[in-house]
Protein chains: 2
Amino acid sequence: MTRPKNDTFLRALLREPVDYTPVWLMRQAGRYLPEYCETRRRAGSFLDLCKNPSLACEVTLQPLARYELDAAILFSDILTVPDAMGLGLYFAEGEGPKFERPLREEWEIRALAAPDPYDHLRYVMDAVTEIRRALDNSVPLIGFSGSPFTLACYMIEGGASDDFRRVKTMLYDRPDLLHHILDVTSQSVIRYLNAQIESGVQAVMIFDTWGGALSHRAYREFSLAYLARIVAGLTREHDGNIVPSIVFTKGGGQWLEDIAAIGCDGVGLDWTSSLAESRRRVADRVALQGNLDPIALFAKPEVVAAEARRVLDDFHAAGPGGGHVFNLGHGISQFTPPEHVTALVNAVHEHSRKLRGRPA
Amino acid sequence: MTRPKNDTFLRALLREPVDYTPVWLMRQAGRYLPEYCETRRRAGSFLDLCKNPSLACEVTLQPLARYELDAAILFSDILTVPDAMGLGLYFAEGEGPKFERPLREEWEIRALAAPDPYDHLRYVMDAVTEIRRALDNSVPLIGFSGSPFTLACYMIEGGASDDFRRVKTMLYDRPDLLHHILDVTSQSVIRYLNAQIESGVQAVMIFDTWGGALSHRAYREFSLAYLARIVAGLTREHDGNIVPSIVFTKGGGQWLEDIAAIGCDGVGLDWTSSLAESRRRVADRVALQGNLDPIALFAKPEVVAAEARRVLDDFHAAGPGGGHVFNLGHGISQFTPPEHVTALVNAVHEHSRKLRGRPA
């Protein structure tokens, strides 16, 4: 049983008492850090970096060397699973992720099969092993995947989309086909995340980046139902510790009660939701993760600190204690001044110790 | 006192009894209609079309000739006000609206002044007069403007943005400057909408396209407060009739109670909100407008009709009656097959007559 020395993040997710509010940032290992850009140059492409366990380990640790973060997150991409299914993930400069062979024909959809995570996704498991060794039980390591609906968006559209016309047309005209894609993808994500847990990640997060583009009704049928299936299929305990799960549907604030009911330990929220109101809605059934607007990091450091305190105060306004993991409401922008993150992390730790009545 | 022959739309907004649910579509006069593309070719650019009252009148009426819509909406752009302020609106092909002279320096912001709507926006008033004449009191004419925050986004960013970095950095670092822009813009929008009312529009809508990008706290301070000021400044009665107002913040479903409290008659909702839940939250204090996903129009006509019925059933699930204006949750896509709109409009009329117990 190897519990990390700093287990504040895991305790917050399990709604156990903590001395302060743990903080990590979505995309904390990324382009806003000059050292990341340097490693990336050595690696070649973004995907080369993801697929090289030693370099993935190196960039995973970079933000922890700079900031007092309470968790590390595996450096990888949300789209590794469809890549392992053979769709051919690539990144066109300045255009985001794309697939060489998006799903266009019914036979392609019927031919989809869940990949063996220890085969085509071996590089992820190797990175997890290497990162865990390098972390030496200092802070927990988070594993992750994209949600089935979000993966399906990219698999069907072939890349980012501003209206999701292809996937939504399938949703309305051929729901059977979309359900088939989501079914195979869910099985794949369960196996993938369980392999990450087996390899050493101590919490998992499912990124439902595009679920918020669905109607309230379609979200429940085509995204949330599969998120629920995944949470139910995850290995609950590994190496003597509970492995908490976090579900994040960007733009899903209206659906919080339903998301909180699927059995996950934490729910991610973007900055459009008040944490106080959210806590009142779901009480202590889940921990909440979030929710500073990432663009607030462009403000002057003293304003960044003030905005961080406002997020903590908002959570605290619904009562003392409670499970809160501080984060942004979306990935950190590549243009963020790195020194502003120092102001953020310090403000979260200092102010939350005051609120939780346990000064450092 | 000239009440339109078909006043269902106005009655629904005022929560008066109606025989069926009125329907109109955001961007109903637009590129998905071949006759629109034909007029646009004759006009030159999109902006030439907006600024030519006869051609603006022509395209305003086109969708009414095809479909049994219950309202017309002035053909114009949400950004006419900052254009009249001298920022130089233009449309780069495939890139959306841009300003030649975005606000970059403090002195430019301090120099902003509310334009006289009868001077620089005369072409809008002329279009309103011409459209009212052509409509001959058949259905009501809706006037509109962008919201102060949405206008400020374009005025500061200089065009569309995917992260609103400039406007949000100003919001956090120089809230005084942003408030000044919003203050002048609000005064301008009030004068502009009142001039439209004076010229003949029978309802007004304020499009807060980007308010949903703000944090829950910033939304209230930088968008909703100015929407409230505008609603309070609108001419309430003209020509013996009440002129109802609709406020639409895309992505604002979580904030419905607060939006409903500013005194507007109707609140627009996108497809992420359930109309039944929304009605339960605000009761009869406002009418609700929405909320079919515009991409549902790409489905087969029978599926389009079924989805329209689901929206009506959703509203009805919270009880009989109630003020509902059927619409999409965002502007209609330029790629929509025009014949699918026929299926939508007919389904709304037929099914709502059944639900409201008044078969045609």
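A:Asn137 counts as partly exposed, because it has 15 C-beta neighbours inside 10 Å; a residue is buried if 20 or more other C-beta atoms, placed from the backbone, lie within 10 Å of its own, exposed if 12 or fewer, and partly exposed in between. A:Asn137 is found in the loop between helix H7 (122-135) and strand E4 (141-146) of chain A; helices (H or I, at least four residues) and strands (E, at least two) are DSSP runs, numbered from the N terminus. Phi of A:Asn137 is near 60 degrees, a positive value in a residue other than glycine.

A positive phi, of about 50 degrees, is also found at A:Ala283, which is not a glycine. The loop that holds A:Ala283 lies between helix H13 (275-282) and E10 of chain A. With 11 C-beta neighbours inside 10 Å, A:Ala283 counts as exposed.

## Basis of the model

This is a predicted model, in which local features need pLDDT of at least 70 and side-chain atom pairs count only at pLDDT 80 or more, while totals for chains, interfaces and linings use all residues. Residues are numbered from 1 along each chain as its sequence is written, and chains are lettered from A and ligands numbered from 1 in the order in which they are written.

## Sheet of chain A

In chain A, seven strands in the order E1-E4-E5-E8-E9-E10-E11 form an open sheet with parallel pairing; two strands pair if DSSP finds at least two bridges between them. Strand E1 (72-73) and strand E11 (324-328) of chain A are the edge strands, each pairing on one side only. Strands E8 (residues 245-249) and E9 (residues 266-268) of chain A run parallel and are joined by three bridges, with A:Gly266 in E9(A) as the bridge partner of A:Ile246.

A cis peptide bond, with omega about 0 degrees, joins A:Gly290 and A:Asn291. A:Asn291 belongs to strand E10 of chain A.

## Helix packing in chain A

Helices H8 (residues 148-157) and H9 (residues 165-173) of chain A pack at an angle of about 105 degrees, with their axes 8 Å apart. H8(A) is therefore roughly perpendicular to H9(A), a term for angles of 65 to 115 degrees. Axes are lines fitted to C-alpha atoms, for helices over the stretch in contact, and angles run from 0 to 180 degrees between N-to-C directions. A:Ala152, A:Cys153, A:Ile156 and A:Glu157 in H8(A) meet A:Arg166, A:Val167 and A:Met170 in H9(A).

## Strand E11 of chain B

Five of the five residues of strand E11 (residues 324-328) of chain B are buried, so the strand is largely enclosed by the rest of the structure. B:His324, B:Phe326 and B:Leu328 cover one side, and B:Val325 and B:Asn327 the other.

E11(B) pairs with strand E10 (residues 287-292) of chain B in the parallel sense over five bridges. B:Leu288 stands opposite B:His324 in E11(B).

## Contact between the chains

In chain B, 28 residues are in contact with 28 residues of chain A; two residues are in contact if their C-beta atoms, placed from the backbone, lie within 7 Å. Helices H9 (165-173), H11 (216-233) and H14 of chain B each supply at least two residues of the side of chain B that touches chain A. H9(B) gives the most to that side, with five residues.

Technical notes
Parallel < 35°, antiparallel > 145°, perpendicular 65-115°, else oblique.
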